[in-house]
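Please consult the sequence and the structure shown below alongside the text.

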Amino acid sequence: MTTASEPGLDLFHNPRAAHGRLYSAAEAAVLDGDGMAAARRDLAAWPGYRATPLHDMTEVARRLGLGTVWYKDESGRFGLNSFKAMGAPYAVLRHLRGVIAGRTGVADAPADEITVGDIIAGKYRDATAGVVVTSATDGNHGRAVAWGAEALGCRAVIYIHEHVSAGREQAIARYGAEVRRIKGNYDDSVRRCAADAAAEGWQVISDTSYDGYMAVPRDVMHGYMVLASEAAEQLPPGVVPTHALIQAGVGGLAAAICATFWQRWGRDRPRFVVVEPRKADCCYRSAVAGKPAATPGDLDTIMAGLAAGEVSPLAWTILQAGADDFLRLSDDYAPRAMRLLAETRPPVVAGESGCAGVAALIALAEHKEAKATLGLGPSSRVLLIGSEGATDPDIYEKLVGKKPAAVAA
Ligand SMILES: Cc1ncc(COP(=O)(O)O)c(C=O)c1O
(Lines give C-alpha, C1' and ligand atoms only; values in the text may rest on other atoms or scores of the structure.)
Protein backbone atom coordinates (compact mmCIF):
# COMPACT_ATOMS: atom_id res chain seq x y z
CA MET A 1 0.00 0.00 0.00
CA THR A 2 1.54 3.30 -1.06
CA THR A 3 0.64 5.73 1.67
CA ALA A 4 1.13 8.79 -0.50
CA SER A 5 2.27 9.18 -4.09
CA GLU A 6 2.73 12.67 -5.36
CA PRO A 7 4.77 14.42 -8.06
CA GLY A 8 8.03 14.65 -6.11
CA LEU A 9 7.72 11.89 -3.55
CA ASP A 10 6.30 8.47 -2.69
CA LEU A 11 5.83 7.21 0.83
CA PHE A 12 5.24 3.60 1.79
CA HIS A 13 4.38 2.51 5.30
CA ASN A 14 6.05 -0.81 6.03
CA PRO A 15 3.36 -3.38 6.88
CA ARG A 16 6.06 -5.56 8.49
CA ALA A 17 7.35 -2.80 10.78
CA ALA A 18 7.75 -4.23 14.27
CA HIS A 19 7.91 -1.04 16.25
CA GLY A 20 6.32 -2.65 19.28
CA ARG A 21 8.89 -5.38 19.74
CA LEU A 22 12.46 -5.47 20.97
CA TYR A 23 15.59 -6.23 18.96
CA SER A 24 15.58 -9.97 18.35
CA ALA A 25 18.21 -12.72 18.20
CA ALA A 26 17.83 -12.85 14.40
CA GLU A 27 18.76 -9.18 14.17
CA ALA A 28 21.55 -9.53 16.75
CA ALA A 29 23.05 -12.29 14.61
CA VAL A 30 23.70 -9.58 12.00
CA LEU A 31 24.66 -6.57 14.15
CA ASP A 32 25.18 -6.58 17.89
CA GLY A 33 26.54 -4.52 20.73
CA ASP A 34 29.74 -6.55 21.08
CA GLY A 35 30.58 -6.06 17.43
CA MET A 36 29.96 -2.35 17.79
CA ALA A 37 32.08 -2.14 20.96
CA ALA A 38 34.98 -3.90 19.22
CA ALA A 39 34.72 -1.49 16.28
CA ARG A 40 34.62 1.44 18.64
CA ARG A 41 37.74 0.35 20.45
CA ASP A 42 39.71 0.07 17.20
CA LEU A 43 38.35 3.22 15.59
CA ALA A 44 38.93 5.26 18.75
CA ALA A 45 42.56 4.08 18.71
CA TRP A 46 43.00 5.10 15.04
CA PRO A 47 45.15 8.25 14.77
CA GLY A 48 42.97 11.29 14.08
CA TYR A 49 39.76 9.81 15.49
CA ARG A 50 37.29 12.17 17.07
CA ALA A 51 33.50 12.22 17.17
CA THR A 52 31.93 14.31 14.40
CA PRO A 53 29.59 17.12 15.51
CA LEU A 54 25.84 16.83 15.96
CA HIS A 55 24.45 20.20 14.88
CA ASP A 56 21.18 21.56 16.23
CA MET A 57 19.72 23.08 13.04
CA THR A 58 17.25 25.54 14.56
CA GLU A 59 16.77 27.57 11.40
CA VAL A 60 16.21 24.50 9.20
CA ALA A 61 13.69 23.19 11.74
CA ARG A 62 11.82 26.51 11.84
CA ARG A 63 11.70 26.86 8.05
CA LEU A 64 10.41 23.30 7.63
CA GLY A 65 7.85 23.45 10.44
CA LEU A 66 9.56 21.03 12.82
CA GLY A 67 10.53 21.19 16.47
CA THR A 68 14.20 20.17 16.30
CA VAL A 69 16.46 18.93 13.54
CA TRP A 70 19.76 17.33 14.57
CA TYR A 71 22.31 16.83 11.83
CA LYS A 72 25.25 14.50 12.43
CA ASP A 73 27.85 16.06 10.14
CA GLU A 74 30.19 13.40 8.75
CA SER A 75 32.01 15.78 6.40
CA GLY A 76 35.02 15.97 8.71
CA ARG A 77 35.37 12.25 9.39
CA PHE A 78 39.09 11.38 9.35
CA GLY A 79 39.58 14.09 6.72
CA LEU A 80 37.81 11.84 4.19
CA ASN A 81 34.62 13.85 3.78
CA SER A 82 32.18 11.02 4.49
CA PHE A 83 30.94 8.50 7.04
CA LYS A 84 32.45 5.74 4.93
CA ALA A 85 35.72 6.24 6.80
CA MET A 86 34.09 4.41 9.73
CA GLY A 87 33.33 1.25 7.75
CA ALA A 88 35.83 0.08 5.14
CA PRO A 89 39.04 1.00 7.00
CA TYR A 90 37.81 -0.98 10.00
CA ALA A 91 37.06 -3.97 7.74
CA VAL A 92 40.54 -3.71 6.16
CA LEU A 93 42.02 -3.61 9.65
CA ARG A 94 40.13 -6.76 10.68
CA HIS A 95 41.24 -8.55 7.53
CA LEU A 96 44.89 -7.60 8.02
CA ARG A 97 44.78 -8.59 11.66
CA GLY A 98 43.73 -12.07 10.54
CA VAL A 99 46.52 -12.20 7.94
CA ILE A 100 49.10 -11.04 10.49
CA ALA A 101 47.92 -13.59 13.02
CA GLY A 102 48.18 -16.34 10.40
CA ARG A 103 51.67 -15.37 9.31
CA THR A 104 53.14 -14.57 12.69
CA GLY A 105 51.51 -17.37 14.61
CA VAL A 106 49.71 -15.07 17.04
CA ALA A 107 46.57 -16.99 17.98
CA ASP A 108 43.06 -15.60 17.31
CA ALA A 109 44.27 -12.21 16.11
CA PRO A 110 43.66 -10.45 19.45
CA ALA A 111 43.01 -6.75 19.02
CA ASP A 112 45.01 -5.80 22.08
CA GLU A 113 48.13 -7.52 20.74
CA ILE A 114 47.93 -6.64 17.07
CA THR A 115 46.98 -3.01 17.61
CA VAL A 116 45.90 -0.54 14.97
CA GLY A 117 48.76 1.74 16.07
CA ASP A 118 51.36 -0.98 15.53
CA ILE A 119 49.99 -1.90 12.10
CA ILE A 120 49.99 1.76 11.02
CA ALA A 121 53.51 2.18 12.38
CA GLY A 122 54.64 -0.63 10.07
CA LYS A 123 55.45 -3.26 12.69
CA TYR A 124 53.87 -5.97 10.51
CA ARG A 125 54.86 -4.55 7.10
CA ASP A 126 56.35 -7.90 6.01
CA ALA A 127 53.02 -9.65 6.55
CA THR A 128 50.80 -6.93 5.05
CA ALA A 129 52.81 -5.72 2.05
CA GLY A 130 51.65 -8.50 -0.28
CA VAL A 131 47.96 -8.19 0.63
CA VAL A 132 45.59 -6.73 -1.97
CA VAL A 133 42.14 -5.45 -1.00
CA THR A 134 39.55 -4.54 -3.60
CA SER A 135 36.11 -3.03 -3.86
CA ALA A 136 33.47 -1.61 -6.16
CA THR A 137 32.26 1.87 -5.34
CA ASP A 138 30.17 4.91 -6.18
CA GLY A 139 33.07 6.95 -4.83
CA ASN A 140 33.02 7.29 -1.07
CA HIS A 141 33.39 3.64 -0.06
CA GLY A 142 36.29 3.10 -2.47
CA ARG A 143 37.98 6.20 -1.20
CA ALA A 144 37.71 4.82 2.34
CA VAL A 145 39.09 1.42 1.28
CA ALA A 146 42.02 3.14 -0.45
CA TRP A 147 42.69 5.36 2.55
CA GLY A 148 42.54 2.45 4.99
CA ALA A 149 44.79 0.28 2.80
CA GLU A 150 47.37 3.03 2.43
CA ALA A 151 47.40 3.74 6.17
CA LEU A 152 47.64 0.06 7.09
CA GLY A 153 50.26 -0.83 4.49
CA CYS A 154 48.57 -2.96 1.82
CA ARG A 155 47.52 -2.45 -1.84
CA ALA A 156 44.04 -1.48 -3.07
CA VAL A 157 42.36 -2.00 -6.47
CA ILE A 158 39.09 -0.06 -6.76
CA TYR A 159 36.35 -0.55 -9.39
CA ILE A 160 34.18 2.36 -10.48
CA HIS A 161 31.34 2.44 -13.00
CA GLU A 162 30.43 4.73 -15.90
CA HIS A 163 28.68 7.40 -13.85
CA VAL A 164 31.28 8.00 -11.15
CA SER A 165 32.58 11.56 -11.64
CA ALA A 166 36.20 12.29 -12.53
CA GLY A 167 36.53 14.24 -9.26
CA ARG A 168 35.54 11.19 -7.24
CA GLU A 169 37.91 9.00 -9.27
CA GLN A 170 40.81 11.33 -8.46
CA ALA A 171 39.87 11.35 -4.80
CA ILE A 172 40.34 7.57 -4.71
CA ALA A 173 43.58 7.55 -6.69
CA ARG A 174 45.02 10.15 -4.30
CA TYR A 175 45.43 7.40 -1.70
CA GLY A 176 47.61 5.25 -3.93
CA ALA A 177 44.91 2.86 -5.15
CA GLU A 178 44.72 1.48 -8.67
CA VAL A 179 41.34 2.62 -10.06
CA ARG A 180 39.59 0.56 -12.78
CA ARG A 181 36.59 2.09 -14.58
CA ILE A 182 34.16 -0.46 -16.06
CA LYS A 183 31.11 -0.23 -18.35
CA GLY A 184 27.71 -0.48 -16.67
CA ASN A 185 26.26 0.57 -13.32
CA TYR A 186 27.21 0.05 -9.68
CA ASP A 187 25.92 -3.51 -9.52
CA ASP A 188 27.95 -4.41 -12.62
CA SER A 189 31.05 -3.07 -10.91
CA VAL A 190 30.31 -5.20 -7.81
CA ARG A 191 30.13 -8.34 -9.95
CA ARG A 192 33.30 -7.50 -11.89
CA CYS A 193 35.22 -6.81 -8.69
CA ALA A 194 34.10 -10.12 -7.17
CA ALA A 195 35.12 -12.05 -10.31
CA ASP A 196 38.57 -10.44 -10.52
CA ALA A 197 39.18 -10.92 -6.79
CA ALA A 198 38.35 -14.62 -7.08
CA ALA A 199 40.75 -14.99 -10.00
CA GLU A 200 43.59 -13.04 -8.36
CA GLY A 201 43.19 -14.12 -4.73
CA TRP A 202 42.41 -10.59 -3.53
CA GLN A 203 40.25 -9.77 -0.50
CA VAL A 204 36.99 -8.00 -1.37
CA ILE A 205 36.13 -5.22 1.07
CA SER A 206 32.53 -4.56 0.10
CA ASP A 207 29.89 -2.56 1.92
CA THR A 208 27.23 -4.82 0.45
CA SER A 209 26.68 -8.49 1.25
CA TYR A 210 25.83 -11.33 -1.09
CA ASP A 211 25.52 -15.11 -0.95
CA GLY A 212 28.56 -16.51 0.84
CA TYR A 213 29.97 -13.05 1.62
CA MET A 214 28.78 -11.69 4.94
CA ALA A 215 31.67 -11.21 7.39
CA VAL A 216 33.25 -8.14 5.80
CA PRO A 217 30.01 -6.16 5.29
CA ARG A 218 29.15 -6.94 8.93
CA ASP A 219 32.45 -5.38 9.98
CA VAL A 220 31.68 -2.36 7.81
CA MET A 221 28.26 -1.94 9.42
CA HIS A 222 29.64 -2.41 12.93
CA GLY A 223 31.93 0.51 12.12
CA TYR A 224 28.92 2.60 11.06
CA MET A 225 27.21 1.72 14.35
CA VAL A 226 29.91 3.66 16.15
CA LEU A 227 28.75 6.89 14.54
CA ALA A 228 25.16 6.11 15.52
CA SER A 229 26.30 5.64 19.12
CA GLU A 230 28.21 8.90 19.02
CA ALA A 231 25.03 10.65 17.84
CA ALA A 232 22.93 9.09 20.60
CA GLU A 233 25.46 10.23 23.20
CA GLN A 234 25.57 13.76 21.79
CA LEU A 235 21.82 14.32 22.22
CA PRO A 236 20.71 16.29 25.27
CA PRO A 237 20.57 13.94 28.29
CA GLY A 238 17.42 11.84 28.36
CA VAL A 239 16.18 13.09 24.98
CA VAL A 240 15.26 10.61 22.25
CA PRO A 241 14.45 11.76 18.69
CA THR A 242 10.90 11.14 17.52
CA HIS A 243 12.04 10.46 13.94
CA ALA A 244 15.19 9.39 12.11
CA LEU A 245 15.27 9.92 8.34
CA ILE A 246 18.26 8.01 6.98
CA GLN A 247 19.42 7.73 3.38
CA ALA A 248 20.11 4.37 1.76
CA GLY A 249 22.16 3.02 -1.10
CA VAL A 250 22.58 -0.69 -0.35
CA GLY A 251 21.10 -0.01 3.09
CA GLY A 252 24.20 -0.58 5.23
CA LEU A 253 24.21 2.83 6.87
CA ALA A 254 20.46 2.80 7.51
CA ALA A 255 20.60 -0.72 8.97
CA ALA A 256 23.48 0.20 11.28
CA ILE A 257 21.69 3.30 12.58
CA CYS A 258 18.41 1.42 12.93
CA ALA A 259 20.07 -1.46 14.82
CA THR A 260 21.88 0.88 17.18
CA PHE A 261 18.76 2.85 18.06
CA TRP A 262 16.65 -0.29 18.38
CA GLN A 263 19.08 -1.85 20.84
CA ARG A 264 19.52 1.38 22.75
CA TRP A 265 15.97 2.65 23.00
CA GLY A 266 13.82 -0.46 22.39
CA ARG A 267 10.16 0.42 21.82
CA ASP A 268 10.91 4.11 22.46
CA ARG A 269 13.18 4.30 19.45
CA PRO A 270 12.50 6.96 16.79
CA ARG A 271 10.16 6.31 13.89
CA PHE A 272 12.61 5.13 11.27
CA VAL A 273 12.22 6.37 7.70
CA VAL A 274 14.50 5.10 4.91
CA VAL A 275 15.12 7.76 2.26
CA GLU A 276 16.17 7.03 -1.34
CA PRO A 277 16.23 8.67 -4.75
CA ARG A 278 13.39 7.58 -7.03
CA LYS A 279 15.95 6.46 -9.60
CA ALA A 280 17.66 4.07 -7.14
CA ASP A 281 14.88 2.86 -4.87
CA CYS A 282 15.80 -0.76 -4.11
CA CYS A 283 14.85 -0.55 -0.41
CA TYR A 284 11.48 1.00 -1.25
CA ARG A 285 10.82 -1.70 -3.83
CA SER A 286 11.90 -4.40 -1.39
CA ALA A 287 9.50 -3.08 1.25
CA VAL A 288 6.65 -3.14 -1.27
CA ALA A 289 7.57 -6.67 -2.41
CA GLY A 290 8.17 -7.93 1.15
CA LYS A 291 11.57 -9.29 0.08
CA PRO A 292 14.71 -7.94 -1.62
CA ALA A 293 13.75 -6.49 -5.01
CA ALA A 294 16.08 -4.80 -7.48
CA THR A 295 15.82 -1.47 -9.27
CA PRO A 296 16.71 -1.98 -12.95
CA GLY A 297 18.36 0.56 -15.22
CA ASP A 298 21.37 2.80 -15.02
CA LEU A 299 20.45 4.25 -11.57
CA ASP A 300 21.61 7.62 -12.83
CA THR A 301 20.62 9.73 -9.84
CA ILE A 302 22.30 12.96 -8.84
CA MET A 303 22.59 11.40 -5.36
CA ALA A 304 25.56 9.36 -6.55
CA GLY A 305 26.30 7.66 -3.25
CA LEU A 306 22.79 6.24 -3.15
CA ALA A 307 22.91 4.79 -6.67
CA ALA A 308 22.51 1.14 -5.72
CA GLY A 309 20.04 -1.19 -7.42
CA GLU A 310 20.15 -4.07 -4.93
CA VAL A 311 19.73 -3.93 -1.17
CA SER A 312 22.38 -5.70 0.90
CA PRO A 313 20.73 -8.88 2.28
CA LEU A 314 22.34 -8.30 5.70
CA ALA A 315 20.99 -4.76 5.83
CA TRP A 316 17.60 -6.02 4.78
CA THR A 317 17.50 -8.43 7.73
CA ILE A 318 17.46 -5.35 9.98
CA LEU A 319 15.40 -2.97 7.85
CA GLN A 320 12.60 -5.37 6.89
CA ALA A 321 11.07 -4.98 10.35
CA GLY A 322 13.13 -2.13 11.79
CA ALA A 323 12.17 0.50 9.22
CA ASP A 324 8.74 2.01 9.73
CA ASP A 325 8.48 3.82 6.42
CA PHE A 326 10.20 4.08 3.06
CA LEU A 327 10.32 7.33 1.16
CA ARG A 328 11.65 7.93 -2.34
CA LEU A 329 12.03 11.36 -3.81
CA SER A 330 12.92 13.06 -7.06
CA ASP A 331 16.44 14.30 -7.64
CA ASP A 332 15.61 18.02 -7.72
CA TYR A 333 15.25 18.11 -3.92
CA ALA A 334 18.95 17.35 -3.40
CA PRO A 335 20.38 20.65 -4.75
CA ARG A 336 17.68 22.52 -2.82
CA ALA A 337 18.76 20.78 0.36
CA MET A 338 22.42 21.53 -0.34
CA ARG A 339 21.57 25.22 -0.79
CA LEU A 340 19.38 25.33 2.31
CA LEU A 341 22.18 23.83 4.40
CA ALA A 342 24.67 26.30 2.89
CA GLU A 343 22.57 29.38 3.64
CA THR A 344 21.18 28.62 7.11
CA ARG A 345 22.98 28.78 10.47
CA PRO A 346 25.17 26.95 11.20
CA PRO A 347 26.21 26.74 7.53
CA VAL A 348 26.87 23.13 6.56
CA VAL A 349 28.60 21.79 3.45
CA ALA A 350 26.71 18.70 2.31
CA GLY A 351 27.12 16.66 -0.87
CA GLU A 352 24.26 15.37 -3.01
CA SER A 353 23.82 12.17 -0.98
CA GLY A 354 24.80 13.64 2.36
CA CYS A 355 21.85 16.03 2.33
CA ALA A 356 19.23 13.38 1.50
CA GLY A 357 17.50 13.59 4.90
CA VAL A 358 17.12 17.35 4.53
CA ALA A 359 15.94 16.84 0.94
CA ALA A 360 13.24 14.51 2.28
CA LEU A 361 12.17 17.09 4.88
CA ILE A 362 11.89 19.77 2.16
CA ALA A 363 9.80 17.41 0.05
CA LEU A 364 7.58 16.61 3.05
CA ALA A 365 7.10 20.31 3.83
CA GLU A 366 5.54 20.54 0.36
CA HIS A 367 3.50 17.35 0.69
CA LYS A 368 1.36 17.94 3.74
CA GLU A 369 -0.51 14.65 3.56
CA ALA A 370 2.68 12.59 3.61
CA LYS A 371 4.11 14.78 6.36
CA ALA A 372 1.02 14.26 8.51
CA THR A 373 1.07 10.51 7.83
CA LEU A 374 4.56 10.39 9.29
CA GLY A 375 3.42 12.40 12.31
CA LEU A 376 5.91 15.17 11.55
CA GLY A 377 5.15 18.61 12.94
CA PRO A 378 6.20 21.39 15.33
CA SER A 379 6.79 19.00 18.22
CA SER A 380 8.93 16.55 16.23
CA ARG A 381 12.58 15.97 17.06
CA VAL A 382 14.25 14.71 13.89
CA LEU A 383 17.67 13.13 13.60
CA LEU A 384 19.51 13.13 10.26
CA ILE A 385 22.90 11.88 9.16
CA GLY A 386 24.84 14.31 6.98
CA SER A 387 26.71 11.43 5.43
CA GLU A 388 29.13 13.42 3.26
CA GLY A 389 30.60 16.85 2.67
CA ALA A 390 31.56 18.14 -0.78
CA THR A 391 32.98 14.84 -2.01
CA ASP A 392 33.13 16.34 -5.52
CA PRO A 393 33.86 20.06 -5.07
CA ASP A 394 33.15 20.88 -8.76
CA ILE A 395 29.69 19.33 -8.65
CA TYR A 396 29.09 21.08 -5.33
CA GLU A 397 29.96 24.49 -6.77
CA LYS A 398 27.77 23.90 -9.82
CA LEU A 399 24.77 22.99 -7.68
CA VAL A 400 25.19 25.50 -4.85
CA GLY A 401 26.79 28.40 -6.69
CA LYS A 402 29.61 28.72 -4.17
CA LYS A 403 32.81 26.85 -3.41
CA PRO A 404 32.64 24.56 -0.35
CA ALA A 405 35.33 26.60 1.40
CA ALA A 406 33.33 29.82 0.96
CA VAL A 407 30.26 28.20 2.56
CA ALA A 408 32.26 26.76 5.44
CA ALA A 409 33.89 30.14 6.07
C1 LIG B 1 27.42 9.93 1.09
C2 LIG B 1 26.70 8.64 1.20
N3 LIG B 1 25.58 8.59 1.94
C4 LIG B 1 24.90 7.44 2.07
C5 LIG B 1 25.31 6.28 1.45
C6 LIG B 1 24.48 5.04 1.58
O7 LIG B 1 25.10 4.04 2.31
P8 LIG B 1 24.67 2.52 2.08
O9 LIG B 1 25.11 2.14 0.70
O10 LIG B 1 25.36 1.78 3.16
O11 LIG B 1 23.20 2.48 2.18
C12 LIG B 1 26.49 6.28 0.69
C13 LIG B 1 26.98 5.07 0.04
O14 LIG B 1 27.91 5.08 -0.74
C15 LIG B 1 27.20 7.50 0.56
O16 LIG B 1 28.33 7.58 -0.16
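## Parallel sheet

Strand S6 (residues 155-160) pairs with S7 in the parallel sense over 4 bridges; strands, like helices, are DSSP runs numbered from the N terminus (strands E, at least two residues; helices H or I, at least four), and two strands pair if DSSP finds at least two bridges between them. Within this pairing, Tyr159 has Arg180 in S7 as its bridge partner. The model is a predicted one, in which local features need pLDDT of at least 70 and side-chain atom pairs count only at pLDDT 80 or more, whereas totals for chains, interfaces and linings use all residues. Residues are numbered from 1 along each chain as its sequence is written, and side-chain values use heavy atoms, with hydrogens and water left out.

The open sheet has 4 strands in the order S7-S6-S5-S8, with parallel pairing. Strand S7 (178-181) and strand S8 (203-204) are at the edges with a single partner strand each, so one side of each has no neighbour in the sheet. Strands of a sheet pair through backbone hydrogen bonds, either parallel or antiparallel.

The protein is divided into domain 1 (2-82 + 220-408) and domain 2 (88-206), with bounds that come from an automatic or database domain assignment. Taken over C-alpha atoms, the centres of the two domains are 26 Å apart. Domain 1 brings 32 residues to the contact and domain 2 brings 27 residues, where contact means heavy atoms within 4.5 Å.

The area buried between domain 1 and domain 2 is about 2400 Å², and carbon and sulfur atoms give 56% of this area. Buried area is the accessible area (1.4 Å probe) that two parts lose on being put together, summed over both. Asp42, Trp46 and Leu80 supply 30% of the area that domain 1 buries against domain 2, more than any other three residues.

Between domain 1 and domain 2 there are 3 salt bridges, a salt bridge being a side-chain nitrogen of Lys or Arg within 4 Å of a carboxyl oxygen of Asp or Glu. Asp42 forms a salt bridge with Arg97.

On the side of domain 1 that touches domain 2, helix H2 (33-45) and helix H10 (215-234) each supply at least two residues. H2 gives the most to this side, with 7 residues.

## Salt bridges

The structure holds 27 salt bridges.

| Salt bridge | Distance |
|---|---|
| Asp42 and Arg97 | 2.9 Å |
| Glu233 and Arg40 | 3.0 Å |

The pair of Glu233 in helix H10 and Arg40 in helix H2 links distant parts of the chain, 193 residues apart.

## Backbone exceptions

Most residues other than glycine have a negative phi, and most peptide bonds are trans. The peptide bond from Arg345 to Pro346 is cis, with omega near -10°. Pro346 lies in the loop between helix H14 (333-343) and helix H15 (356-366).

Asn81, a residue other than glycine, has a positive phi near 80°; Asn81 is placed in the loop between strand S4 (68-73) and helix H4 (88-104). Leu299 likewise has a positive phi, near 55°, and belongs to the loop between helix H12 (282-289) and helix H13 (313-322).
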